[in-house]
Amino acid sequence: ILPTIGITSFNVRVDHSPEDRGHVVIGVARADGSLGWGLALGNGMLWRRMGPGGPVPLPDGWPDGHQTQIMKDEAGQPTDLFGKAIGAVITVCIDHDAGTLGFRVNGGPLLEALKGFPVGAAMRPWVCCFDPHKLTLVQPYL
């Protein structure tokens, strides 16, 4: 479980991705694992944990953001890591006091992804792989 105050960040490196497609989501989940939000590397969008019938219902007070485009190029056009996921380092940054989630891709600028998490909510690191991937937690959380 991550701390519940201040800002927490951690880095995840993609060591292997079949055909370098980046079909993996890296982010955070509620402490009980019932809901997760992360950056989908293959399309650069925010992805919210899905259930067998679609999106898992949100309890009151929790943000959605599903399929919001997070990664954009210098011209503001959608971009992603499809074909270039191997070796990428994704920094997940959650501000527990402000209730925000953001990402850095390969040390780049912070990309704000979502606002509205309950202040002080208990969260944990989370990944969702659609193919067999090898990921490394590069550093413990800070």
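Author: Rings of Phe, Tyr and Trp, the last taken by its six-membered ring, count as a pair if their centres lie within 6.5 Å. In this predicted model, five aromatic pairs are found in a search of the whole structure. The rings of Trp 37 and Phe 117 have centres 4.9 Å apart and planes at 85°, so this pair is edge-to-face, the term for planes over 60 degrees apart. Because Trp 37 belongs to strand β3 and Phe 117 to the loop between β9 and β10, the pair ties together parts that are 80 residues apart in sequence. Both Trp 37 and Phe 117 are buried.

Phe 117 also pairs with Trp 62: the ring centres are 6.3 Å apart and the planes stand at 85°, so this pair too is edge-to-face. Trp 62 lies in the loop between β6 (54-55) and β7, 55 residues from Phe 117, and both Trp 62 and Phe 117 are buried.

Arg 30 lies over the face of Trp 62, at 4.9 Å from the ring centre. Met 123 is in contact with residues including Arg 30, Trp 37, Trp 62 and Phe 117. In the largest nonpolar core, of 29 residues, Trp 37, Leu 101 and Met 123 have the most contacts. Strands β2 and β3 are among the elements that give two or more residues to this core. Five bridges join β2 (residues 24-30) to β3 (residues 36-40), and the two strands run antiparallel.

Terms used:
Residues are numbered from 1 along each chain as its sequence is written. This is a predicted model: local features need pLDDT of at least 70, side-chain atom pairs count only at pLDDT 80 or more; totals for chains, interfaces and linings use all residues. Side-chain values use heavy atoms; hydrogens and water are left out. Two strands pair if DSSP finds at least two bridges between them. Helices (H or I, at least four residues) and strands (E, at least two) are DSSP runs, numbered from the N terminus. A nonpolar core is a set of buried Ala, Val, Leu, Ile, Met, Phe, Trp, Tyr and Cys residues joined through side-chain atoms within 4.5 Å. Buried means under 20% relative accessible area, exposed over 50%, partly exposed in between (1.4 Å probe, protein chains only). Contact means heavy atoms within 4.5 Å. Rings of Phe, Tyr and Trp (its six-membered ring) pair if their centres lie within 6.5 Å; planes under 30 degrees apart count as stacked, over 60 as edge-to-face and the rest as tilted. A charge sits over a ring if NZ of Lys or CZ of Arg is within 6 Å of the ring centre and within 35 degrees of the ring normal. Lists of a residue's contacts leave out its neighbours within four places in sequence.
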